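Please keep the structure open while you read.

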Amino acid sequence: MTTNAPAPSSPDIQAEVERFRTVFRTLKNELSQRIVGQGDILEGVLIALFAGGHVLLEGVPGLGKTLLVRTLADAMQLDFARIQFTPDLMPADIVGTDMIAEDEHGRKVFRFERGPVFAHLLLADEINRATPKTQSALLEAMQEQSVTVGGTRHVLEQPFLVLATQNPLEMEGTYPLPEAQLDRFFFKLRVEYPSAEELHEILDRTTGSETPEVRKVIQQTGDITSLRLLVRGVPVTREIQAYAVGMVMATHPEHPTASGLAKKYVRYGASPRGAQSILLAAKIVALLDDRYHVSRHDISKVALPALRHRLILNFEGEAEGKTTDEIIQALL
Amino acid sequence: MSAIHQTLRRARRRLFLANLLRDGVWSVLLAAWVALALMAVWALRDRSPIEPGPLFGSALLGLGSLAMLTFRHRLDLSATARRLDFFGQTRDRLSVGLALAGDQVAPLARLAEADCRKFAESFDPRPLLPMRIPRSAWVIPVPVIAAGFLILWYQNGQRIDPATLAARRELAEKAAQLEKLRPEIARAAREDTRLKELAEAAGKAVEKLRQAARSRKADPKEALKQLSRLEAMIDSLQKALAAQSRALENAAALAEAGDTRSAAQALQAAAQNPMSKEERQQLDQALADARAAGQMSERERRQALSRLAGQMRQRSQPSGQKGQGQGSQRQLQSLKNAMQNMKQGSPGRGGQPRPGGNREGESRIVQTDGDAPTSDKPGSGEGEKPGGQPGGERDAGTMESPYGRQAPAKDPAGLATHLNSILDQGESLSDLVPASPGDTSKSTRRYRDLYNAVAADAQNTVDREDIPLASRFFIKRYFENIRPAE
């Protein structure tokens, strides 16, 4: 068995677990007030929030990606910032810059003007429209939870969650995210088009006179931090962990346990961050399933969003139109 | 012991029984098919398919298979837990509970262990591990029924000719009788080297008799011929020994009469008969004594001739105990008597004659000794061959020619069937499919050199300003993929 973090100091751990479940379900309900359908997307975003990861949302425009992020910020009393990525966006537009200002004595000094990255929830809309240089400005923020400008390191306030969106259809004038950037996303979620029933519901809600209000579920940001610690205390036996490790290793074409599809179509397999994401997300899924331990089922459930952006197909795979989802499904 | 351990042990026992049932069915199936195959082989070799050999062997194979499968399917508690988790949709509660059983420090681990233990207490593995007979068991009657048919077929084949069956029984009895005589022949052969050949012939005769008794296809005539050869050998040996005895008697009389020359000639005639090495030495010695007697004084000569005559008489006497030739003759006579008893249907040496005389099978066997036809139907012989001789009265007319040969071909050389053609007229494949120079040729440059030659141009192309950055990514990836391996 592995214990990844010290246990919470709460005397009544069971009550703490119950509180986590209540908060999670309530948050999901509140999000559902505004977002119709997309249950898996809502759950994925909340899992990433409590696991401390970032989410890449991929979907065509108009599916409620931005609304989802804004609603999440409203429900949790968190600072929200939105950056619309464009080709002429510069890194300083994201992280901030040193500007010349006058101090109280009238002297000129450099003062750091914080960029939109200094928020709890950051919506990076259409992230693949900015140049790789600008995209890379988010690297340090996403991994280290800090930004360095002019030799000074500025720590971001917790919780910090980046929700990036990208459009899979429009490839003209876009820059595919580099592998290093992709690897830093906890989940990649595909936002599907709503069904006819869901579309009816969307129309009813959005074209009427009343707009649904969202209740504040979490009043203090510290609550999220404590719940994140609680999640990390969920036990995972060596056998279950081996299942997750085996799944990640099977995506590496040169590994002896690699699947046939991986050997044929994959250029690089998932990184260790993929295994970390799987295990952390599985812990949350286990708690939500009224259990205190991780099972193989939990790992299988989260493997697809945790690994699909971490596999790089080779030329043959791209030429034959294979997707990483197919390769991961074959492993499950 | 925790509740999880108890539950898992209970489940493991049930799993063991379920596996045993399944493996048992497979082993029975294996044994049944192997037994059927062996029985078929036995039956095809004209041996009874229900002999203990194939049945016992296949039963042993089935038991071995069961033991091996049981050993292979043995499970420890961890594997049992995994199996139950897999079938029972328990969300790995049993395997996790087994791993966490014990003193846990972390609070969530304690909660998890308690949750799994509670689950295990109420967990009933029986619905997951039903004790069902596998579907493959339905196949078991197939080899059993087939074996039944095989036995019926074999017995039916045995029942066709009761006379043959009786003859085979008789041959088996004779083989047993001859087998009883074999130790005596072997003992005699140890005493007299001339009987070694006789012992070998007796062994062959026993084997032939056994084969004839066992197999429907084996020819009983062959066995009886072997038996007759054995008898002839005994006869010739007897005659040779009698002639030797007579020559020795004659030589003794001549020696007593003082005719040493004639005695020596008689001894020489006796020495031409087959005899053992020791006998030959003794005769050579006697011959030398007879020739030496010519140079002795009258008194010494008379004494020596008298001694020589006494020795030769002793050797030629039928009741003499020391002479090996006499012992051999007696043994041969007893063997011959036994053989004649066997041929006449007597139960054995010195046995009582069978009441009721010879049976039908016996008379058949005695009559078929030799080359006489086996059938007693009139006109049998040539007519029993399929179709008879070509042109004969029994020719069924199955051949194309009354001479029994294939009719000669009308145009054996094919001279009348060759085709004429004119060169360079009409289409040919070379007109329709033009050959490409690259079809069979190979590149004169190595791929690595070729790649290095175009790599710089490729890089320049990618770096051109009019190509969108996003497309450059794909172009770069393409060239990376066609890069030769290091």
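**Notes on chains A and B**

1. Helices α1(A) and α3(A) are oblique to each other, a word kept for angles that are not under 35 degrees (roughly parallel), over 145 (roughly antiparallel) or 65 to 115 (roughly perpendicular). The axes of α1 (residues 13-34) and α3 (residues 65-76) of chain A come within 10 Å and cross at roughly 135°, where axes are lines fitted to C-alpha atoms, for helices over the stretch in contact, and angles run from 0 to 180 degrees between N-to-C directions. Helices (H or I, at least four residues) and strands (E, at least two) are DSSP runs, numbered from the N terminus.

2. This is a predicted model, in which local features need pLDDT of at least 70 and side-chain atom pairs count only at pLDDT 80 or more, while totals for chains, interfaces and linings use all residues. Residues are numbered from 1 along each chain as its sequence is written, and chains are lettered from A and ligands numbered from 1 in the order in which they are written.

3. α1(A) passes α3(A) in a right-handed crossing, that is, with the near helix turned clockwise from the far one by less than a right angle. Leu27(A), Glu30(A), Leu31(A) and Arg34(A) of α1(A) make the contact with Leu67(A), Leu68(A), Thr71(A), Leu72(A) and Ala75(A) of α3(A), a contact being a pair of residues whose C-beta atoms, placed from the backbone, lie within 7 Å.

4. Chain A also holds an open sheet of five strands, in the order β2-β5-β8-β1-β9 and with parallel pairing, where two strands pair if DSSP finds at least two bridges between them. At its edges lie β2 (80-84) and β9 (187-190) of chain A, each of which pairs on one side only.

5. Within that sheet, β1 (residues 55-58) and β8 (residues 161-166) of chain A pair in the parallel sense over four bridges, and Glu58(A) has Gln166(A) in β8(A) as its bridge partner. Helix α2 (residues 39-51) of chain A packs on the sheet and touches β1, β8 and β9 of chain A, its direction making about 165° with that of β9(A).

6. Turning to chain B, the secondary structure comes to 18 helices and zero strands. Where the chains meet, 20 residues of chain B are in contact with 24 residues of chain A, and α4 (93-100), α5 (107-121) and α18 (469-481) of chain B each supply at least two residues of the side that touches chain A.

Conventions
Two residues are in contact if their C-beta atoms, placed from the backbone, lie within 7 Å.
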